[in-house]
Amino acid sequence: QIPTSPSMGVSIATSEGYFIPYADWDSQGTAVGVCVKTDSFAIILDLEIASKRWTQSSSNVSNVPNFNNSNNLRNYMDGQSYTNRLYSLNSSTNYAAGYARSRKITIGGTQYVGYVGSTGEWSIIMDYDNDIMSAFTKIGKSFSGSTQSRNIWTSCQYSNYNAWRFSFTSSGLGSFGSTGKSSSAYVKAMFKY
């Protein structure tokens, strides 16, 4: 029997409504994302990735976490609301929030809208690094697209001028740092299941 709900760990989500443990994947449907199920959430990672700027200016965005201590990374778990706030200021797909919101997947007839993951959500997802990379490989995709090195945005601010991002290299998901908000980095949209 093919699972129709996510089980703990990493599975491949399909448009037909299946959540197949990645090790068991044998093209049992149309893959729409890689699902990570934890005690905290079930999040589906987009199959695509794109280069975008965080915002158009270097100024503080109210109602979006602004902190520079990496000890606080896991304190911020609501990427959807942070993305909504950024989107309300600028909905252009040239920027992280607009692009993420433009990404949509359908699972079992229900549509899910993308958002920019928070530092807390990405911190937890990083615990499943190797399984996530294996799942992308199983469906013939690369987590990072055509290049082995990426800086990937989160939806949290580091300061008035910078936003939090993390690195992706050939060894997988890496450390957090910051990049200027009007600089380019990459967006890997999340979908909350």
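The legends below describe close-up views of side-chain contacts in a predicted model. Local features need pLDDT of at least 70 and side-chain atom pairs pLDDT 80 or more, while totals for chains, interfaces and linings use all residues. Residues are numbered from 1 along each chain as its sequence is written, and side-chain values use heavy atoms, without hydrogens and water.

**View A. Aromatic pair Phe136 and Phe143.** The structure holds eleven aromatic pairs (Phe, Tyr and Trp rings, six-membered for Trp, with centres within 6.5 Å; planes under 30 degrees apart are stacked, over 60 edge-to-face, the rest tilted). Phe136 and Phe143 are edge-to-face, at 5.4 Å centre to centre and 85 degrees between the planes. Both residues are buried (under 20% relative accessible area; exposed is over 50%, partly exposed in between; 1.4 Å probe, protein chains only). Both also belong to an aromatic cluster whose members include Trp122 and Trp164.

**View B. Arginines over tyrosine rings.** Arg101 lies over the face of Tyr87, 4.0 Å from the ring centre (CZ of Arg or NZ of Lys within 6 Å of the centre and within 35 degrees of the ring normal). The charged end of Arg150 is over the ring of Tyr186, at 3.9 Å from the centre.

**View C. Salt bridge between Arg103 and Asp46.** The N to O distance is 2.6 Å (a salt bridge is a side-chain nitrogen of Lys or Arg within 4 Å of a carboxyl oxygen of Asp or Glu). Asp46 is buried, with a relative accessible area of 1%, and Arg103 is partly exposed at 23%.

**View D. Salt bridge between Glu121 and Lys192.** The N to O distance is 3.7 Å. Glu121 is buried at 1% relative accessible area, whereas Lys192 is partly exposed at 27%.
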